[in-house]
Amino acid sequence: MDIASFAALRGPSGRAVLAEASGADVSEGGLLATASRLRERHDPALVAAALTQVRLRQRARVKFGADADRMYFTQNGLEQSTRASVASHRARRFADRLPGGRVLELGCGIGADLIARARDGLPGDGVEIDPLTAEVARANVSALGLDGLASVRVGDATKEDPDGYDAVFADPGRRTARGRVFDPRSYEPPLDAVLEKAGRVRAACVKVAPGIPHEAVPDGAEAEWVSVGGDVKEAALWLGEFAGDVGRRATLLTSDVDPQVWTLTPSGQDVPDVREWGRYLYEPDGAVIRAHLVGEVAASVDGGLADPHIAYITSDALRPTPFASVYEVEDVVPFSVKRLRAELRRREVGVLTVKKRGSAVDVERLRRDLGFGGRRPGHGAAELTLVVTRVGRDPVALLARPVPQAPPG
């Protein structure tokens with residue numbers, strides 16, 4: 001899609017086609033018939049653009065909920081955008097620390113963060129180097145009724161002057177035609193260039209890849225890793241007046257819709273003890289692991305590590321925690337496909353969940369080798385979790401069951 005096609009999609013004819021396409025079958029099975037029917041009455045190019053937009057909106061509901069049905073997307077813009085729950089979480093910190101402050105956003109993409117801050121009352125201007133993406137961001141600001149609080153312009157982030165703004169938010173590109181970029185020096189623009197801009201205002205936040213090395217976090221910054229529903233989504237560096245008195249934190253959002261928010265920060269815990277497997281296995285949230293806060297979780301559940309290099313916590317105590325999933329360990333055995341197959345058969349396991357950490361095993365192949373590849377369990381079939389890991393150089397397997405837990409109040 002180019003700018004002319006997008007402009008046509010937003011015009012009267014385009015809106016009519018988009019409305020009609022929104023109520024049609026755009027699944028893989030029904031897409032061809034829907035396209036043929038719409039082309040009988042509308043321009044084929046407009047139909048193609050509308051159908052693409054409808055399918056993108058359906059995918060976007062995971063990130064943006066009901067707003068997705070009013071927003072506009074490009075494929076790359078959707079893939080790289082901040083999900084609404086994370087953007088809202090971040091916007092609240094802007095609003096709490098800098099109420100009413102004007103924010104310059106470098107690399108605003110389709111406008112997710114710009115929109116979230118505007119909804120929290122922070123005016124701002126987004127800068128986007130790609131003209132089409134900038135048009136999409138403008139359309140989203142308008143579609144959500146935020147024209148008076150947010151604006152978007154085409155520009156090069158490296159040439160922007162942050163003077164006159166209270167804060168900077170930056171989201172440098174972390175993907176190229178060859179895939180994801182992990183070296184902060186290869187961001188577009190590079191992280192050092194973004195930090196230079198951020199250092200010229202009172203407060204700033206820079207979105208970075210979750211895998212950013214800790215040594216790349218600048219002195220005085222606070223690094224935050226965020227997970228949603230147990231999956232790590234992103235990380236951010238808080239700078240200047242936004243930085244707290246801790247160097248790092250893990251933030252867990254329980255879900256995308258009205259989430260509970262849990263935050264873990266360093267408490268001076270030593271490296272966890274190494275001990276034998278206990279009755280319970282605690283699997284820390286990925287944000288906890290990224291933030292190097294496994295020791296804090298281990299201390300809170302009176303636990304230690306079976307292997308000092310693998311983030312599986314073991315304990316004989318059952319303690320509620322939002323920062324880890326808990327499993328009751330039924331058996332620990334040396335890893336052997338033959339032995340595990342026999343044991344699962346003896347237990348009449350019908351539903352098997354396989355997890356791994358510190359192991360090179362291929363999970364899907366292991367499931368097939370154990371007789372669970374594509375197998376449909378019978379009614380009332382026994383469920384079990386198989387955890388594949390190692391202690392030192394020795395591969396081990398744990399047979400366990402999830403322990404439901406209510407988060408502490």
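Lys and Arg count as positive and Asp and Glu as negative, while His and the chain ends are not counted. The place of a charge is taken as NZ of Lys, CZ of Arg, CG of Asp or CD of Glu. Before the close-ups, a word on the model: it is predicted, so local features need pLDDT of at least 70, side-chain atom pairs count only at pLDDT 80 or more, and totals for chains, interfaces and linings use all residues. Residues are numbered from 1 along each chain as its sequence is written, and side-chain values use heavy atoms, with hydrogens and water left out.

**View 1. The whole protein chain, to get your bearings.** The protein chain has 13 helices and 18 strands; these are DSSP runs numbered from the N terminus, helices being H or I with at least four residues and strands E with at least two. Its C-alpha atoms fill a box of roughly 65 × 55 × 40 Å along the principal axes. Of the 409 residues, 49% are buried (buried is under 20% relative accessible area, exposed over 50%, partly exposed in between, with a 1.4 Å probe and protein chains only). There are 55 positive and 57 negative side chains, and the centres of the two sets lie 5 Å apart. Among contacts with a separation of 6 or more, 69% join residues 24 or more positions apart; contact means heavy atoms within 4.5 Å.

View 2. The structure holds 32 salt bridges, each a side-chain nitrogen of Lys or Arg within 4 Å of a carboxyl oxygen of Asp or Glu. Here E135 pairs with R138, and their closest N and O atoms are 2.6 Å apart. Both residues belong to helix α8 (residues 131-143), where they sit three residues apart, about one turn of the helix. E135 is partly exposed at 26% relative accessibility, and R138 is partly exposed at 27%.

**View 3. A link between distant parts of the chain: K207 and D171.** The side chains of K207 and D171 form a salt bridge of 3.7 Å, N to O. K207 is in strand β7 (residues 203-208), whereas D171 is in the loop between β4 (167-170) and β5 (175-176), 36 residues apart. K207 is buried with a relative accessible area of 3%, and D171 is buried with 16%.

**View 4. Two strands tied together: E222 and R249.** The closest N and O atoms of this salt bridge are 2.3 Å apart. E222 lies in strand β8 (residues 222-228) and R249 in strand β10 (residues 248-253), so the pair ties together parts that are 27 residues apart in sequence. Both E222 and R249 are buried. Elsewhere, salt bridges with shared partners join R90, D113, D171, R174, K207 and E234 into one network.

**View 5. A buried charge without a salt bridge: D285.** Look for D285 in the loop between β12 (280-284) and α10 (286-290). D285 is buried but has no salt bridge, and R357, the nearest side chain of opposite charge, is 8.9 Å away. Beyond its neighbours within four places in sequence, D285 is in contact with S227, G230, L252, F323 and A324.

**View 6. A buried arginine in a helix: R117.** R117 is part of helix α7 (residues 112-119). R117 is buried, with a relative accessible area of 3%. Setting aside neighbours within four places in sequence, R117 is in contact with A91, F94, V103, E105, L122 and F169.
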